[in-house]
Amino acid sequence: MKTLVLTAHPDLAKSRINRAWFEALSEAENVTTRDLTAIGGTEMRFDIKVEQALLLAHDRIVFQFPFYWYSAPPVMKAWMDQVLSYGFAYGPGGDLLKGREFLIMVSTGGPEHSYHAGGYNNYSMAEFLKPFQQTANLAGLTYLRPFVAHGMALANKDQIDANVPEMLAYLTDPDLDPKVKQARLLQQLEDDPTKAAAVS
Ligand SMILES: Cc1cc2nc3c(=O)[nH]c(=O)nc-3n(C[C@H](O)[C@H](O)[C@H](O)COP(=O)(O)O)c2cc1C
């Protein structure tokens, strides 16, 4: 499984959690990282052919960003508007991404309990991330459960150090798609019926 991580932080040098994620992922096997702010420059212009070829060379595509005003920083949107083009990601013949996996990895300032009805952010992360989910649906990507790190505006070193291995384990888990996991468990059962209890 080859994973492409597109990092959309306006200033990774000043970031805490996203920089820690980016650095750890840059060392991980079978993971390609891209700092979109560095690549797109101040104009946020991307070489569409290069970006599309990279997408096609990977099985799992990850958008990584800090939550800014209930969405992603603008460089993420600039990349989407340019790269997920008609005839590539949607429209006639636009099924080139079909069957790949898509995952959002996001840090928030607000605590987990604020992202609920009645909490001060009122809505859940699943609700705020709907435009990304539908983008994935339209492009034929399988939308996986996002990885969310809450309360990260003032995160201390211990919190960041604890979060990084958790993030790495999640992002590199080949079974995040429940269909893939179920197929693997069924295959295990077929190969060795004595494992029935272990896989149920
Ligand atoms: C312009 C801006 C907008 C933000 N909007 C939100 C928001 O809507 N919800 C939230 O929980 N945190 C918000 N935050 C806090 C960031 O999500 C938080 O500082 C970030 O996830 C920390 O990651 P970093 O250490 O990689 O920069 C915002 C921060 C900035 C600078």
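Among the 17 residues around the ligand, those that come nearest are Ser15, Asn18, Phe67, Ser107 and Tyr115, where a residue is near if one of its heavy atoms lies within 4 Å of the molecule. This is a predicted model, in which local features need pLDDT of at least 70 and side-chain atom pairs count only at pLDDT 80 or more, while totals for chains, interfaces and linings use all residues. Residues are numbered from 1 along each chain as its sequence is written, and side-chain values use heavy atoms, with hydrogens and water left out.

- By class, the shell around the ligand holds nine nonpolar, seven polar and one charged residues, with Ala, Val, Leu, Ile, Met, Phe, Trp, Tyr, Cys and Pro counted as nonpolar, Asp, Glu, Lys and Arg as charged, and the others, Gly among them, as polar.

- A polar side-chain atom of Ser107 lies 2.6 Å from a ligand oxygen atom.

Methods:
A polar contact is a pair of N or O atoms within 3.5 Å; within protein, one must be able to donate a hydrogen and the other to accept it, and residues adjacent in sequence count only if both atoms are side-chain atoms.
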